[in-house]
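Try each task yourself before you read the solution.

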Amino acid sequence: MIPLRIYTHSACLAHRPGATHAERPARLQAVTEAIDAAFPELHWHEAPRASRSQLLRAHGDALLALVLDSEVAADAEPLALDPDTSLSHGSAESALRAAGAGVAAVDAVMAGDARRAFCAVRPPGHHATGTTAMGFCLFNNIAVAAAHACDRHGLARVAVVDFDVHHGNGTQAIFEADPRVMYVSSHQLPLYPDSGFADERGVGNVLNLPLPPGTGSDAFRAGWRERLLPALDGFRPQLVFVSAGFDAHRLDPLAQFELDADDYRWLTAELVAIADRHADGRVVSMLEGGYDLTALRESSVAHVGALLQD
Ligand SMILES: [Zn+2]
């Protein structure tokens, strides 16, 4: 079996939220160029578009209409949805390919075409709720993929592991009443979106580890080793999803954690071990945040390197 597929699409560069916006196309170029240079033998696949019915598993009709039917002209300024989040010409196609990557990755790992998959896509997704685009996110890519795994493939237990430095409020909101999906997150608090407190537990399927600004490798790894990884192991997920944001890196300008690429290598290896125990090794990882290009290059290579290990 092929150990790892990479899904991406050139249309994911077409979402342009503004010339000075942190969530810029150069992020994705940095990730794909670094992975390609480090691992020249990888199998790259073009992400298909998500279908409306696939998106509707996680989102309401009104959000689909807003993102897909707004028709921003090519020479127009981006349409602001909130102070952080906007739609440009090209955003709809970016969002469809980003969400479609996760769906295709699920189908590939469930069919045994690849053991694991990494989706190098943007815009990111984990802040988008069922009804609202927010926090640079239009559709919740990982939620669309996890819902597809449950509904299309009949999985009874899937885990969404979120190590982006921001809490994935959207993913939590979409699944907090769905016991098929366990949502596990470490993140900085206080920080946008100011959710993800330890007492937010869903129906027992949500586990949040908020950590203070200044958190470094030792406290981060201890939290995962002592709290989050044992809970994940106990859940016995049949498929492990990863919201792979790299903005907890010490170089990131939007947050105050002090991680480096080796922390992402370590945590990814731990997640692979859990997937190997319970899920025939299946991991579907999707790029979320990360706003320093050097940090993105180093961290995505560390993450993909660990996904490639048996
Ligand atoms: Zn983030």
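**Exercise 1.** In this predicted model, find where α7 has a kink and what its buried residues pack against.

*Solution.* 
Step 1. Follow the helix axis: α7 is kinked by about 40°, and the kink is centred on R225.
Step 2. Now look at the length. Helix α7 covers residues 217-235, which is 19 residues. From first C-alpha to last, α7 reaches 25 Å, close to the 27 Å expected at 1.5 Å a residue.
Step 3. Pick out the buried side of the story: F220, R221, G223, W224, L228, L229, L232 and F235 are the buried residues of α7. They pack against β6 (158-162), β7 (181-188), β8 (206-211) and α8 (261-278).

**Exercise 2.** Work out which protein donors the zinc ion has, and why their arrangement is irregular.

*Solution.* 
Step 1. List the donors: D164 gives two OD entries, H166 gives ND1 and D247 gives OD, at 2.0 to 2.8 Å from the zinc ion.
Step 2. Check the angles. For four tetrahedral donors the ideal angle is 109.5 degrees. Here the four donor atoms subtend angles of 52 to 153°, so the arrangement is irregular.
Step 3. Read the spacing in sequence: D-x1-H-x80-D. D164 sits in the loop between β6 and α6 (169-175), and D247 in the loop between β9 (239-244) and α8, so this pair ties together parts 83 residues apart in sequence.

Note on methods: Residues are numbered from 1 along each chain as its sequence is written. This is a predicted model: local features need pLDDT of at least 70, side-chain atom pairs count only at pLDDT 80 or more; totals for chains, interfaces and linings use all residues. Side-chain values use heavy atoms; hydrogens and water are left out. Helices (H or I, at least four residues) and strands (E, at least two) are DSSP runs, numbered from the N terminus. The expected span of a helix is 1.5 Å times one less than its number of residues. The bend at a residue is the angle between axes fitted to the seven residues ending there and the seven starting there. Buried means under 20% relative accessible area, exposed over 50%, partly exposed in between (1.4 Å probe, protein chains only). Contact means heavy atoms within 4.5 Å. Donors are N, O and S atoms within 2.8 Å of the metal (3.2 Å for Na, K and Ca); water is not among the atoms, so sites may look incomplete. Four donors count as tetrahedral if all angles lie between 85 and 135 degrees; four count as square planar and six as octahedral if opposite donors are over 155 degrees apart and all others between 65 and 115; anything else is irregular.
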